[in-house]
Amino acid sequence: MHKNWKKVISSLFTLMLAILLVACGNKNDKKEGDGPVELEFFYPVNVGGPATKVIDQIVADFEAENPDIKVNPVYTGNYDDTFTKIQTAVQGGTPPDLFISLATHRFTMEDLGIVEPLDHFIEADKDGKEYIEDFLPSFMEDSYVDGKTISIPFQRSTMVLYYNKDLFKEAGLDPEQPPTSWDELIEYSKKLTNDDHFGVGLALNSGSAQWSFGGFSLQNSKDGGNLMSDDGKKVFFDTPENIEALQLWIDLQNKYEVMNKGIVQWTDLPTQFLAQEVAMIYHTTGNMGNINENAEFEFGTAFLPGNKRMAAPTGGGNFYISKDISDQHKEAAWKFIRFATSTEQLTNWSLNTGYIPPRQSSIDSDEMQKYYSEIPQARVAYEQLEVAKPELTTYDAAQVWRILNDSIQSAITGEKTAAEALKEAQANADAVLERYQGE
Amino acid sequence: MKNNLTAWGLMLPALSFILLFTVFPIIRSIYLSVMDFRFGMAEPRFIGLGNYVRLFHSDLFWKVMGNTLFFALITLVPALLIGLGLALIVNKKSKITGTLRTIYFYPVILPMVAAASIWMFIYMANNGLWDQIARFIHMGPTDVLSRQESVLPALAVMYVWKEAGYVMIFFLSGLQSISPDILESARLDGATGWKLFRHILFPLLGPTFLFISTVELTNVFKLVDHIIIMTEGAPNNASTMLLYYIYQTGFTHFDYGLSSALTVILLVMLLVVALPRFIAQDKKTYYN
């Protein structure tokens, strides 16, 4: 009999433990007190390289300068994983104090009411105005929602054309004259295609296709208009110009047969380029380090070939501060952002990762200029920013991205024509965005 | 009375976990499935069957259901046949039986994420093993993962490779639980080879068949890792299956109401699959 009771008691004890465990998980155990302010900082890494180490270094430097603030950097996977983790943390009532997320998420973030507008911090800082004006306009452009500053540019990139100079020579092309127009792109690609390699490569997997497509759409736009309206409430997918752009992709695969058929993955494309299986690729400047290090041939970079105009899409992640945290935490988070986006830190960050420094003063710094003279291919990315525009972003950005990607894929695989595919994308995106248009 | 109390006490730990992690989520899913609830909304709003109506009118939903059922069909039968075949091979006693069993079972213990990564290299367009072979025999490149018609069969081949060993284990235990007396009397009556299999082994494996079909079918419905790794549903959702769609709706598009409705649909499908097994159990269709 006694034995039985012992068992019951020990079972009950186990249960209590279990309940305690669950209960603890729910509680916000961040306490405000006399000790240092502790900040939780979520950040993604979307390119290879030592980005995590650099982040840790920035944090260490910051803490040395600000002993009353402690920053806990949490590596949260790629951009998608990071957004999912932010969402989960917010739902659980414990949002990270600050985080890096795609610039394109700003409408969604603002709509969800989970991020703090930063204007009052900027105004309160003595050098706030100069600080913001130092950011390159093509990057700062996608930090605003309804006139409010929502985020601060940090790990930013753009898309450039990488090309294999050796294969250019082999095909009888001038290696110092990369294609500058769609017509030249087609012509060069034809010359560069043979049994061993394709002329040109584009990544068309979901999450990449919409980025490249943004570039082609801008290049073909009559008035320089983007795929979406500035307020993120409308998209313009099924225009004749965009249909032409998509048709070009289909033709590169099927008519001219100068591009690998089907859907090449974003991460496979640089590998194929390095293996000399494709002579020119459209890829992020974030891959500059990788290609520079591993190419066993001479490579060049160039502006994306234009059509009606020269253009390229920008991309990458910005800093955000959460709304549902104490003012003390917000101020500490702002202090950290100012530190991480200081001229010196941004220069250091760019030199170590290959991202473009988003501030003019970093670009002009001696270290950066020295880097550019050593690797002139990296300078192209910066110079191209002049004609670069933000990538596709809207409210419910993830859904609208997916819609465009699905439709592009249906055209590429021949399930639909370019016109049908974009018409469908337009209808589906309109249905998603409808609830924002009334406001 | 005291006995009752003891029983409850003993059950409490397990029960509390079931309540917390199985029963509560099911009830919560059903509740949310009749609500309009997205990330950022303060309160869910009741919309009755609105989410279900939206799904039934959505082409994508039907495409996803079609994909899921098609995938179940093209994996279940081959996995059962190959698993049974392997079990028959390793049921015989010989020197290499142990080694063979290990080899056949090996893919099962591999995490799906690892298996998917390996197969992604095999299927990689142009440079992958598959396309190298295809090119060698002048059939390719086939580029299987980015074609509408080949992406699901390609994923199915990988899945069958991974699952056949698992199925084998169940058939093996089924085969080994058949009493030697029966086999001996069958042999005395002159039944060998195919006859023995067709008239003795096969019927006796009936319950195993039913069990393993149920398990396999539910496993297929619960698959998601390989899609995240290998295709992300591409091209144009040709490889999007139910659980991936639920994940996408809930965690990428933040539409909790809709993804709860999808979850309830998945739950119903799993129940339907499990039902024959429960009925059979009640009837006790056991031969031994």
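Me: Where in chain A is A:Asp230 found?

Reply: Helices (H or I, at least four residues) and strands (E, at least two) are DSSP runs, numbered from the N terminus. Here, A:Asp230 sits in the loop between helix 10 (209-219) and helix 11 (240-254) of chain A. Keep in mind that this is a predicted model, where local features need pLDDT of at least 70, side-chain atom pairs count only at pLDDT 80 or more, and totals for chains, interfaces and linings use all residues. Residues are numbered from 1 along each chain as its sequence is written, chains are lettered from A and ligands numbered from 1 in the order written, and side-chain values use heavy atoms, leaving out hydrogens and water.

Me: Is A:Asp230 exposed or buried?

Reply: Buried means under 20% relative accessible area, exposed over 50%, and partly exposed in between (1.4 Å probe, protein chains only). A:Asp230 counts as exposed because its relative accessibility is 74%.

Me: And strand 6 of chain A, how many of its residues are buried?

Reply: For strand 6 (residues 152-164), 13 of the 13 are buried, so the strand is largely enclosed by the rest of the structure.

Me: Which sense does the pairing of strand 6 and strand 10 of chain A take, parallel or antiparallel?

Reply: Two strands pair if DSSP finds at least two bridges between them. Strand 6 and strand 10 (residues 312-321) are antiparallel, with 6 bridges; there, A:Ile152 has A:Phe319 as its bridge partner.

Me: What joins strand 6 to strand 8 and strand 9 of chain A?

Reply: Strand 8 (residues 278-284) runs antiparallel to strand 6 with 5 bridges, and A:Tyr162 partners A:Ile281. Strand 9 (residues 299-302) is also antiparallel to strand 6, through 4 bridges, with A:Gly300 as the partner of A:Tyr163.
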